[in-house]
Amino acid sequence: MLVGAMNHPAHNLISEIEWIGAMGFDFIDLTLEPPKARPRQLDLKQVRAALQAHQLRAVGHTAYYLPLCSPFESIRRAAVEELKLCLEAFSQLEVHWMNLHPDRQAPLHDRKFVIDRNLQTIREILPLARQLGIGLMIENLPGGFNTVRQMGELLDALPELGLHLDFGHANLLVESNTADDLLAAYGRRLRHVHLHDNKGGSADLHLPLGCGTVDAARVVLLLQAHGYDGTVTLEVFTPDRRHLEYSRDVLRRLWQAAAAPGSPLPPPPPAKPVP
């Protein structure tokens, strides 16, 4: 397992790479978005040199608010062009996977329109992704893309699309955490993981591990049961970075303990009502 952290897009990217490297992470979850990490404004040679200097790998992350399904075609097309810029930048940084966030911001339009537009956008960037050798993966989001049925509308339509499983999101706006079901259905396509804590309901709190209701020990056992040993980003977004450091150490201890012979997989958590 490789443990990583995400750069803050409002901070200087080189400085972000430096502190992520200094804290002993294995990779950076490199998010390319304004105000200070948009592809057009970066010196990619300098970024690549900084990654190499700190021996950091990178996973590609795009802005969660890009309008992939906008009913305004010109706006949707602009999102396509921004995603292509991200692909080209990630290619220069030797990144092999880039995530996408499904979009549902199409007021007065039905679910079929939303799905069709998301798929249209993804299909339009796939040729460039293939050409550059970068795989695309879709992240589960609360409130519309967080169950097997919902994610299947995209994953089943595009078999080469990978799953980017966010365990914190899987705990939000659902009767019970959906991670078990998503892994049962699409675990063979799991390409990247986000891990952070929250207290269920609707608040995406991005707390340190152990501060909410996401069972990090069970997450680790579940990943290992599915044979996953890849990248895990700790999305702990508190002002004090010691919380991120603490969560890193917790995750590594849990992973090592779960890898010991005889570690059982606990039963799924009980269902709970949606608040």
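Arg111 is placed over the face of Phe145, 4.5 Å from the ring centre. A charge is taken to sit over a ring if NZ of Lys or CZ of Arg is within 6 Å of the ring centre and within 35 degrees of the ring normal. The model is a predicted one, in which local features need pLDDT of at least 70 and side-chain atom pairs count only at pLDDT 80 or more, while totals for chains, interfaces and linings use all residues. Residues are numbered from 1 along each chain as its sequence is written, and side-chain values use heavy atoms, with hydrogens and water left out.

One aromatic pair is present in the structure. The ring centres of Tyr64 and Tyr65 are 5.1 Å apart and the planes stand at 90°, so the pair is edge-to-face. Rings of Phe, Tyr and Trp (its six-membered ring) pair if their centres lie within 6.5 Å; planes under 30 degrees apart count as stacked, over 60 as edge-to-face and the rest as tilted. Tyr64 is exposed, with a relative accessible area of 56%, and Tyr65 is partly exposed, at 43%. Here buried means under 20% relative accessible area, exposed over 50%, and partly exposed in between (1.4 Å probe, protein chains only).

Thr121 belongs to helix 4, residues 111-132. Helices (H or I, at least four residues) and strands (E, at least two) are DSSP runs, numbered from the N terminus. With a relative accessible area of 0%, Thr121 is buried. A polar atom of the Thr121 side chain lies 2.7 Å from the backbone oxygen of Leu68, and the Thr121 side chain makes a polar contact with that of Arg76 at 3.0 Å. A polar contact is a pair of N or O atoms within 3.5 Å; within protein, one must be able to donate a hydrogen and the other to accept it, and residues adjacent in sequence count only if both atoms are side-chain atoms.

Met1 lies in the segment before strand 1 (2-6). Met1 and Val232 are separated by 231 residues in sequence, but their C-alpha atoms are 7.2 Å apart. Beyond four places in sequence, the contacts (heavy atoms within 4.5 Å) of Met1 include Asp26, Leu251 and Trp255.

The mean pLDDT, the predictor's confidence in each residue from 0 to 100, is 95 for the protein. Over residues 271-275 pLDDT stays under 50. Where pLDDT is low, the predicted coordinates should not be read in detail.
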